[in-house]
Amino acid sequence: MPVPIIQVALPSPLRRLFDYRAPAGAGAQMLQVGLRVRVPFGNRQLVGMIAAIADHSDVPAGKLRQASELLDQTPLLPDSLWQLCRWTASYYQHGLGDTLSSALPVLLRQGEPAMARQQMLWQLMPGAYPAHPAVSRAPKQKQALQTLAMHPHGLSHALISQWGLTRDVLEALERKGLVRRISQSPHHVHEPRPLHREPALQANPEQQAALDRITAAEGFNCWLLEGVTGSGKTEVYLQAIAHCLERQRQALVLIPEIGLTPQTMERFRRRFNVPVVILHSGLNDRERLDAWIAARDGEAAIVVGTRSAIFTPLARPGLIIVDEEHDLSYKQQEGLRYNARDLAVYRASLEQTGVILGSATPSFESLYNVQRNRYQLLRLTQRAGNARPPRFQALDIRSRPLEGGMSRPLIKLMGDHLQQGNQVLVFINRRGFAPTLMCHDCGWMAECRRCDARMTLHQSPPQLNCHHCGSQRPVERCCPKCQSEELRPIGAGTERTEEQLIASFPDFPVLRIDRDTMGRKRAMQDMLERIHSGEPCLLVGTQMLAKGHHFPDVTLVAILDADGGLFSADFRGPERMAQQVIQVAGRAGRADKPGQVIIQTHMAEHPLLLDLVEHDYSRFASRELAARQAAGLPPYSFMALLRAEANAVTQTDEFLDNACDIAEQLLATHRISGVELLGPVPSPMERRAGRYRAQLLVLGRQRSSLHQLLHLLLVALEQQPQARRVRWSIDVDPMDMF
């Protein structure tokens, strides 16, 4: 009887499957699509997944190698997730093996068993309680007791870090006789408990109308929940999840940033009496696998995660929520360039569940899908409770002197709000002290030696940083061109603004929130706790402050420079500018205190800015969508970007010129209409990290025509000698033109 041939998807950039003879002892009845298998590949052993089973191979029998080992007895992924991975590989023109690898936790890629461990639980001893005298002077131990009190059946050791606990603290409590360790099967079923830990809030009429439509629906539905900032979208999520849990289904919640995880977990912990797991890049490999298995086996009722969590298997899928659906973080920018928001919609259609896309500033793609009746629009136009929308004002700073990027009228207004016992948020989307360093005598500017970009001046520690390639160098003492010592910082970043705020308001704390200050573990959580204490203070930071945070004591939001997006080289620049302005502005006036938003600008009469200040995001979006339609740009067309980079300009030019020639031949040969080639041209930043970059834009009126060309083109390019001399990639539905 012939040995079966297995076609294996391996984690390789090659868009193909690899044939192997079945492992020794693995009969045809043991082989199934979706099983992991260890195989020899060159001089290495790789773990791949069986994608097909055949009775013959084009590889000569003498060269056909045998797989080393079958790692699973049943397919690793449910059928719906297997279909999702196949569709993802096809749509984004990526190898199936690499796609499957991206969808799995690291330990499963390495061949670890897909089984939950016998888990160790930490549990309160009988008679122990959070205010026990033995922990009166140990706040961390007291916090640990409070957390364990909310988990009467015990808290898994694998998940203690997700709740802000450490093994040292728990062992100290164990020595005091206040907690104990117990071992338990991960599938141990506890006695039924009430679903809610605290009751749901009373929904207002708009929230209730949205919930009625969501809970009445069956099968696949996609809702775009457009709610102004502070309108209670989260409460709609929570009550929709409660309906899902009551039907014994699981909910998957995607959030854009790790920084939002603690507050999201806190809301779920306060509301529900069910297991919740987190999936994001901050977990170690074992924690991620444990959470993945808990979701797959149905133990975790709610799964919260960032972009890659869209590939998490669910035993009983019931609802998918994508919070801040417009956020660029959902688009992967390297390797498999998928958009988790779009995959969420496709996955919901496969699993016949509902999907909610929520945002105060929906992406133009989602608004277009509402126009085409593909998505159902649910609107929340009123802020929850007694909160009122903030008042907008464009502050013209032409001819005004600036101090740390701030005008004097703005500084005075900040002082007024602080004196009233409120908090002020200052938004500037540039890290560092100043965007660059310039010689006052000859005009020399500090530029990166590896990129077509200027170095950013940092003060703590003092150095020049390139935010594109990561290179650093000491600050020059004199100009390398004219030897002058008149080197001056130009412009303002978060550090310089922070310095000016400290000088202007010495009696109030200034809290800076950007990537430089949030590097350590729990830094964001500690900062948020300080903000929520309610003390008057100034918050200064980048877009990390803009996403989903609830700051009830912020009454003034100052946006220092909103002009950049109005004249961006990227056609999406205005859309991103508007989303950023609205999201940051939404931090003001979220409780019973009125909010005010000041936008410093040199373009106070710009029509797009006037739409935001005098009207709303919907008016802005309507104007921009009309402009996109007239120009034939997405979402009214479909786009892919072929990027190339190499050590020499001639290499990228040769590769992309050849790609363009091949594409034109394919368009003619296969009679593909409605597809346009733009370029090749140098990338907006031509040199980055020492390599030269160029791109070819492919624009299609129909998605099917575009993908027909891409499939043929990539097959042809992989055969070209130039393809081995450059690093190249295809980005379908690119969100970044750089």
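Guide: Among contacts in the chain (heavy atoms within 4.5 Å) between residues at least 6 apart in sequence, 74% join residues at least 24 apart. This is a predicted model, where local features need pLDDT of at least 70, side-chain atom pairs count only at pLDDT 80 or more, and totals for chains, interfaces and linings use all residues. Residues are numbered from 1 along each chain as its sequence is written, and side-chain values use heavy atoms, with hydrogens and water left out.

Visitor: How many helices and strands does the chain have?
Guide: There are 19 helices and 32 strands, taken as DSSP runs numbered from the N terminus (helices H or I, at least four residues; strands E, at least two). The chain is as compact as a globular protein of its length, because its radius of gyration is 28 Å, close to the 27 Å from the globule rule for 738 residues. That radius is taken over C-alpha atoms, and the rule is 2.2 Å times the number of residues to the power 0.38.

Visitor: And what does the C-alpha trace span?
Guide: About 85 × 75 × 55 Å along the principal axes.

Visitor: New topic: which residues of α19 are buried?
Guide: In α19, which covers residues 703–717, they are Ser705, Leu706, His707, Leu709, Leu710, Leu713, Leu714 and Leu717. Buried means under 20% relative accessible area (1.4 Å probe, protein chains only).

Visitor: What covers them?
Guide: The cover includes α1 (79–91), α18 (649–669) and β32 (727–732).

Technical notes. The expected span of a helix is 1.5 Å times one less than its number of residues. Buried means under 20% relative accessible area, exposed over 50%, partly exposed in between (1.4 Å probe, protein chains only).
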